[in-house]
Amino acid sequence: MAAAARGYSGVWRRAWQRAVACNARGGAVLAGKSGLAPWVPVVGLEIHAQISSNSKLFSGSQVQFAAPPNSLVSFFDASLPGTLPVLNRRCVEAAVMTGLALNCSINKKSLFDRKHYFYADLPAGYQITQQRVPIAVNGSLSYSLCIDNKMSQMVTKTVRIKQIQLEQDSGKSLHDDTRSQTLVDLNRAGVGLMEVVMEPDMCCGEEAAAAVRELQLILQTLGSSQAVMADYEIERQIEELENGGTILNETRAFDSKLGCTVPMRDKEGKQDYRFMPEPNLPPLILYDAKSLPANMNHQQVVNIDWIHERLPDLPSVKRAKLVEQYGILPEHSFTLLNEDGLTEFFENVVKQTQMKPKKVIGWILNDLLSYLKQHSLTVEESPVSSVLLADLLNLLEKKEISSTAAKQVLAELWKGEGKTPLEIVKEKKLELIQDQKELEQICQAVIDGQENEVMAIKAGNRKVLNKLIGLVQRETQGRSNPVLVKQLLEKKLSE
């Protein structure tokens with residue numbers, strides 16, 4: 001079942017969910033019909049990640065999103081007679097890198113196969129893939145999952161990776177229903193894909209989404225794929241079964257406009273792909289430091305150990321370093337990494353402010369991120385730069401403004417009018433009141449007007465004091481220091 005849009009840039013074109021609704025024993029049952037247990041999905045994923053490379057897997061044609069139709073098609077892509085495949089080194093290295101990051105065993109000898117099937121956008125009538133001996137096998141992916149959507153309660157789970165294989169993409173069929181015709185664009189034909197096959201170790205959509213998100217972060221960290229993806233399917237299957245229907249064995253694609261999956265190809269009948277060895281490609285031979293011949297030209301081979309030594313820090317390592325270096329909570333490290341560019345934004349603010357990282361993270365996650373979500377903006381599109389936020393937090397840390405005033409300044413900064421935090425503070429007269437006598441008079445006025453609250457505080461209900469602090473803040477329009485206000489109120493109430 002497809003869970004990603006076909007034809008999208010940097011795509012996860014098909015995250016096929018072999019999701020079967022079943023009970024605890026694995027047998028399919030109907031939920032809510034006769035008091036039986038609810039549907040429990042069993043999820044395995046086949047994820048096709050487009051490799052980030054300048055050219056296609058077996059030809060020199062450029063890879064570019066949104067190019068004019070059929071403008072990036074070589075003779076080999078169009079399957080003209082006499083053309084031969086030439087393997088792209090970059091795609092091989094990307095697959096090895098991904099395999100190592102997913103704890104796979106890298107096969108030093110892997111094979112290419114032809115997978116035959118007819119489709120209008122597959123001009124050769126077959127796809128070159130790795131059915132028998134793929135480039136990487138027997139890996140694992142660890143991912144973290146929130147319990148009851150609570151970031152403070154997380155559990156780590158692992159899904160097995162059966163294999164990673166290289167294969168070429170097909171073209172794109174454009175269906176024109178009004179004219180009853182189909183047009184074919186072969187720009188995508190031959191683009192390099194990595195198929196990551198996960199075993200059916202997951203039992204809900206949340207687990208699948210968490211695993212896919214972790215894989216996405218890994219691929220983006222490695223640079224082996226842009227890994228833009230979408231996910232959907234389990235609810236459709238449950239609804240189908242509960243309405244008395246059956247789940248067909250079919251390939252489905254995610255339609256981003258409709259927000260659901262749509263059928264592509266029927267797989268109910270037994271498929272005979274007539275797999276055969278690819279006669280035009282020799283076995284793919286990889287080396288490590290031990291097996292690399294001394295007289296071999298290093299530029300013409302792929303060295304597994306060389307790639308392994310240059311792997312960047314993976315998301316799990318980055319999270320651990322964030323927690324250790326800045327003293328933030330583990331759940332905060334997940335949020336920082338899950339939002340593109342947010343880790344860099346946070347670290348830039350920390351470098352430029354006197355405020356402790358534990359306090360900075362609150363402003364980043366509770367205030368800045370909520371603004372971004374509310375306006376559907378990415379971190380890169382934020383009108384509040386890390387420099388501006390750091391300047392604002394410095395004013396707060398120096399006790400030149402209150403936290404209430406700081407939030408007002410942030411709201412003004414969000415308008416993107418080019419003003420600095422200090423300019424906004426002066427323009428709006430948001431500086432903290434420095435005259436203690438003036439503040440004492442305001443506190444006394446609040447006390448005089450709240451007899452019931454004063455009596456409650458003197459009777460031992462100290463929580464009511466917060467109300468008086470809030471009233472002073474209101475009178476000063478957020479220009480009073482809450483700590484100082486509390487001290488003044490406590491002094492006056494004890495007199």
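**Entry 1: disulfides**

I searched the whole structure for disulfides, meaning pairs of cysteine sulfur atoms within 2.5 Å, and found zero. This is a predicted model, in which local features need pLDDT of at least 70 and side-chain atom pairs count only at pLDDT 80 or more, while totals for chains, interfaces and linings use all residues. Residues are numbered from 1 along each chain as its sequence is written, and side-chain values use heavy atoms, with hydrogens and water left out.

As a reminder to myself, a disulfide is a covalent bond between the sulfur atoms of two cysteines.

Cys203 is partly exposed at 35%, and Cys146 is partly exposed at 26%.

**Entry 2: the chain as a whole**

I noted 15 helices and 17 strands; these are DSSP runs numbered from the N terminus, helices being H or I of at least four residues and strands E of at least two. The chain has 495 residues, and 48% of them are buried.

Next came contacts, that is, heavy atoms within 4.5 Å. Of those between residues at least 6 apart in sequence, 66% join residues at least 24 apart.

**Entry 3: strand 4**

How many residues of strand 4 are buried? Six of its six are, across residues 45-50. In a regular strand the side chains alternate between the two faces of the sheet. Here both faces are covered, with Leu45, Ile47 and Ala49 buried on one side and Glu46, His48 and Gln50 buried on the other.

I then looked for a partner, where pairing needs at least two bridges found by DSSP between two strands. Strand 4 runs antiparallel to strand 13 (residues 192-198), joined to it by five bridges. His48 faces Glu195 of strand 13.

My last stop was an open sheet of three strands, in the order 8-7-16 with antiparallel pairing. Strand 8 (126-129) and strand 16 (276-277) are at the edges; each has a single partner strand, so one side of each lacks a neighbour in the sheet. Four bridges link strand 7 (residues 113-116) to strand 8 in the antiparallel sense, and there Arg114 stands opposite Ile128.

Terms used:
Buried < 20%, exposed > 50% of the residue type's maximum accessible area, 1.4 Å probe, protein only.
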